[in-house]
Amino acid sequence: MKKFLEKFGSKTTRAPKDVPAVNEPSTKPRAQTKTKFDRFTIVSWIVTLVIVAALLGSAFVYKNSRAAAGTIPMPQPTSAPGANSAQVNAPALGTSGGSAPSSISRNLQLKTNIPERPRYEPTLYRVSRGDAMLSIAEEFKLKSESILYVNENLEDNPHNLKPGMELQIPPIDGLYYEWKDGDTFETVAEKFDANAEDIINFPGNQVDLTDPKIETGAVVMIPGGSRDLEDWTKNIPTLGRGANTGTGGGNASNSCGGGLVASGFGWPASSHGIS
């Protein structure tokens, strides 16, 4: 390496040029400056070569160390669907009697059955075309009389239903009563043929069981209560039997009373003509 540097330095060193004698004192320092400059160039090249050699050596060592650590494993293909799948055993069913399973199988239901909660307040129902009192009562699992008790606008007549009419549907069979001054549970229950305990224990009445009493003017439900319905047929006129019918008039042995009359028609008809 030393010989190489000496040879390299001799080639790169420039020979001093001949100058006149007059300028001779000033040329000696300039020659020394050039020599120093050439040495600096040589040193810089040496340092550069050393750095490059160090980088190459470190890269080579790093590569060899990675190779010695082991090769990177190749990814393995996954198994086909269903192959080598884990087998999970179903839980064992308990047996009763040693042979038959104790569990009961049932069909899958996509719709959850939500139990109907008890109702303690009246609900509003709008009458539509084709509704009848009996069908409305069956829909709410009530007696038709209970709907007539609560809705005074029907005047105890189930045929007064009209499309668009709004009805109050009670939660249970019975009627509503406005509590008056001097009323007691026993007197009100006797009046509507009900039970006093049912009035007290009905949750919709909100009676304090520790001190059962009801304020005057409060509307309470009388469970199982009833009242006399107005006879809406009493205003329909009747027509007595004529002498020519064989069932009325002077025939004292007739046991049939007069029939209902509507728009001038009665039964039996006095005329037997057929049109």
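The chain exposes about 22600 Å², and carbon and sulfur atoms supply 56% of that area. Accessible areas here come from the Shrake-Rupley method with a 1.4 Å probe, and for residues only the protein chains shown count as cover. Please keep in mind that this is a predicted model, in which local features need pLDDT of at least 70 and side-chain atom pairs count only at pLDDT 80 or more, while totals for chains, interfaces and linings use all residues. Residues are numbered from 1 along each chain as its sequence is written, and side-chain values use heavy atoms, with hydrogens and water left out.

**Overall layout**

The chain has six helices and eight strands, where helices (H or I, at least four residues) and strands (E, at least two) are DSSP runs numbered from the N terminus. Read from the N terminus, their order is α-α-β-β-β-α-α-β-β-α-α-β-β-β. Of the 275 residues, 17% count as buried; buried means under 20% relative accessible area, exposed over 50%, and partly exposed in between (1.4 Å probe, protein chains only). Among contacts (heavy atoms within 4.5 Å) with a separation of 6 or more, 59% are between residues 24 or more positions apart.

**A patch on the surface**

Val 47 sits in helix α2 (residues 24–69) and is partly exposed at 43% relative accessible area. Together with Val 43, Ile 51 and Leu 55, Val 47 forms a nonpolar surface patch with about 360 Å² of accessible area. Patches are made of residues with over 30% relative accessible area and no salt bridge, joining like charges within 9 Å and nonpolar side chains (Val, Leu, Ile, Met, Phe, Trp, Tyr) within 5 Å. A salt bridge, in turn, is a side-chain nitrogen of Lys or Arg within 4 Å of a carboxyl oxygen of Asp or Glu.

**Aromatic pairs**

The structure holds five aromatic pairs. Rings of Phe, Tyr and Trp (its six-membered ring) pair if their centres lie within 6.5 Å; planes under 30 degrees apart count as stacked, over 60 as edge-to-face and the rest as tilted. Two of the pairs are set out here.

| Pair | Centre to centre | Angle between planes | Geometry |
|---|---|---|---|
| Tyr 120 and Phe 202 | 6.0 Å | 80° | edge-to-face |
| Tyr 125 and Phe 140 | 5.8 Å | 85° | edge-to-face |

Tyr 120 lies in the loop between β2 (100–101) and β3 (123–126) and Phe 202 in the loop between α6 and β6, so their pair ties together parts 82 residues apart in sequence. Tyr 120 is partly exposed at 36%, whereas Phe 202 is buried at 7%. Tyr 125 belongs to strand β3 and Phe 140 to the loop between α3 (133–139) and α4 (144–150), so this pair links parts 15 residues apart in sequence. Here Tyr 125 is buried at 14% and Phe 140 partly exposed at 23%.

Asn 205 is in the loop between α6 (196–201) and β6 (219–223) and is buried, with a relative accessible area of 13%. Its side chain reaches the backbone nitrogen of Met 221 at 2.8 Å. Leaving aside residues up to four places away in sequence, Asn 205 touches Ile 199, Val 220 and Met 221.

Asp 156 lies in the loop between α4 and β4 (166–169) and is buried at 11%. A polar contact of 3.1 Å joins its side chain to that of Arg 227. Such a contact is a pair of N or O atoms within 3.5 Å; within protein, one must be able to donate a hydrogen and the other to accept it, and residues adjacent in sequence count only if both atoms are side-chain atoms. A polar atom of the Asp 156 side chain also lies 2.9 Å from the backbone nitrogen of Glu 230.
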